[in-house]
Amino acid sequence: MTRPNILLITSDQQRYDAVGAHGSPFLTTPHLDSLAHEGVTFQRTYCPNAVCTPSRLSLMTGTFLSRHGGYNIGCTAIDKTRFLSVMLRAAGYRTHHIGKAHWHPWNDSSPEKAPVDEHGTPWRDFVGFDTAELTTGHVTWGVTGHYARWLERRGIPRRELNQITPLFAQDPNETGTWGMPSANHSSAWIAERTTDFLERHDHRQPFFLNLGFQDPHHPHAVPFDFEARVDQDQLPGTISSETDTDVPEPVQLLRSGHINSSRYRGPFEIAGNSGTHDWQAYFSDPARERATRAHYYSLVNLIDQQLGIILNALKALEYERDTIVVFTSDHGDMLGDHDIGQKGPLAYESVLRVPLLLRYPGHVELRALEHPVSLVDVYPTLLGYAGVPCPRVDGIDLRSYLHGGPAPSRPGVRVEYKEEPDRLRYKAWITTHYKLVVYPGESFGELYDLNRDPHEHSNRFHDPDFSAIKAQLLTQLLEDLERSEPASERPSRV
Ligand SMILES: [Ca+2]
């Protein structure tokens, strides 16, 4: 059997509804839609955590935070020796990474901030990748790595990269116009570098190409010349917080911008959220609410354009038939739902539910899959397709489900959050019907009947009518935790 090539694409902060084919006609995403129509779209995929690094480490290891240990941004995983790239390289794959990685802290000594020579030569031997071309930061957050060199080589001084013309003062989403053309955007760089890789690749060796788009993560700064913008008048409304009941204190504090002055804060500011911004006031202004969301979704349209270049290159170079294409994102964005922006210690669908599209021509049964799955399932599934024995991980191999088999017997998926080991943290369990969120050490929690209350307004955690289902969900969560406990080898009875 020919081993398939693997193209794994991860965007940053892209909600489930940020794909046209997912019931969002206000988007123009023909290429994402083509993946959905020519392959499989998982309708309920959950990220293992709602901030970058932990979720990305889970994707690359098939394990949850409680096993890989990289519990928050600024952490590093305890063990990277079984990264997907390491496993596939050992099996003979040519491995290459382009774009955002964020498997390490982004401090000055980070492996992701290592020097890039003036030619922009890819790094060699980066976390299991034979070669890697990286970028960090998000526009005004600083642009580094191979992308920065690429811009320099095009004659663009770094000081010009950060120019955003904002629509509003003191906007944590920095909604506005980027002073550069689309051709200079990091998404365009990724498409160009991907095409270059594919053109140079030796067909005789299978490849694992890992791409990390930096959008639609804020700043919501759209290149000045980008035309395929989302019409803000076409956007549906946000999910209101008006009828939310029994809202946990940290969620209320995130909404009002007071969480960083509360007991929930650790040595650093709460990850993944401005944390000091009054989101409720922000999204109560219709002009801001519409504009920031339209800019966010416009950045998805920009990704889609570049994805089109990548998919066309695959086709033109005759890789399409033998290449598994997976598109997903590390987490979502509240984007005004429940009057909150960005992400962080939240368990709402808006931040936990992400796209997961998989195309493998002639191999998967074309359909939409409804059973809850997790990003930790990608690792064993891809290793399975590659014919590589999978080490013991938390994820499950979804190939049978993809090939028309029954839904996985696992009744739900786990999500974990840990701001700090002794601060705000939760463990969530999500089934086809319910979502339970348990905050260790706290009396509050969350329980939603997702079938009857898909917008998560009615928290049933303390509702006596839900005590039986709560106990059942807790037991399932405990079973899942037990299932993923480390276990040493047992070669003998004695
Ligand atoms: Ca992220």
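Tutor: We shall proceed from the whole chain to its sheets and helices. Please keep in mind throughout that this is a predicted model.

Student: How many helices and strands does the chain have?

Tutor: There are 13 helices and 19 strands in the chain. Along the principal axes, its C-alpha atoms fill a box of roughly 70 × 65 × 45 Å.

Student: What radius of gyration would a compact globule with 494 residues have, and what is the value for the chain?

Tutor: The globule would have a radius of gyration near 23 Å, and the chain has 22 Å, which agrees. Of the 494 residues, 52% are buried. Among contacts with a separation of 6 or more, 67% are between residues 24 or more positions apart.

Student: Which residues does UniProt list for a domain?

Tutor: An unreviewed UniProt entry lists residues 4-388 as "domain: Sulfatase N-terminal". In the model, that span is 29% helix and 17% strand, and its end C-alpha atoms lie 12 Å apart.

Student: How should I read a sheet?

Tutor: Begin with the general idea: strands of a sheet pair through backbone hydrogen bonds, and the pairing is either parallel or antiparallel.

Student: Which strand is joined to β14, and by how many bridges?

Tutor: Strand β2 (residues 40-42) runs parallel to β14, and 3 bridges join them.

Student: Is β1 enclosed or left open by the rest of the structure?

Tutor: β1 is largely enclosed, because 8 of its 8 residues are buried. Both of its faces are covered: N5, L7, I9 and S11 are buried on one side, and I6, L8, T10 and D12 are buried on the other.

Student: With which strands does β1 pair?

Tutor: β1 pairs with β11 in the parallel sense over 7 bridges, and L8 stands opposite V326 in β11. β1 also pairs with β9 in the parallel sense, over 6 bridges. There, the bridge partner of I9 is L211 in β9.

Student: What is the strand order of the open sheet that 3 strands form?

Tutor: The order is β7-β8-β10, with mixed pairing. β7 (164-166) and β10 (221-223) are the edge strands, each pairing on one side only. The twist from one strand to the next averages 30°. Strand β8 (residues 176-178) and β10 run parallel and are joined by 3 bridges, with W178 opposite P223 in β10.

Student: How should I read the sides of a helix?

Tutor: In general, an α-helix has 3.6 residues a turn, so residues three or four places apart point the same way. In helix α1 (residues 30-38), the buried residues include L32, L35 and A36. They cover an arc of only 100° around the axis, which puts them on the same side of α1. The buried residues of α1 pack against β2, α9, β11 and β13 (356-359).

Student: How many of the residues of helix α2 are buried?

Tutor: 10 of the 10 residues of α2 (residues 52-61) are buried, so this helix is largely enclosed by the rest of the structure. Among the buried residues are C52, R56 and M60. Their cover includes β1, α3 (65-68), α4 (84-90) and α11 (378-386). α2 is followed by G62, which has a positive phi, near 70°.

Student: Where does A281 lie, and how far is A281 from T81 in space?

Tutor: A281 lies in helix α8 (residues 279-284). A281 is partly exposed, with 13 other C-beta atoms within 10 Å. A281 and T81 are 200 residues apart in sequence, and their C-alpha atoms are 46 Å apart in space.

Definitions and conventions: Residues are numbered from 1 along each chain as its sequence is written. This is a predicted model: local features need pLDDT of at least 70, side-chain atom pairs count only at pLDDT 80 or more; totals for chains, interfaces and linings use all residues. Two strands pair if DSSP finds at least two bridges between them. Helices (H or I, at least four residues) and strands (E, at least two) are DSSP runs, numbered from the N terminus. A residue is buried if 20 or more other C-beta atoms lie within 10 Å of its own, exposed if 12 or fewer, and partly exposed in between; C-beta atoms are placed from the backbone. The arc is that of the directions from the helix axis to the C-beta atoms. Two residues are in contact if their C-beta atoms, placed from the backbone, lie within 7 Å. The radius of gyration is taken over C-alpha atoms; the globule rule is 2.2 Å times the number of residues to the power 0.38. UniProt positions are given in the numbering used here, feature names are shortened, and annotations may be inferred rather than shown by experiment. Axes are lines fitted to C-alpha atoms, for helices over the stretch in contact, and angles run from 0 to 180 degrees between N-to-C directions.
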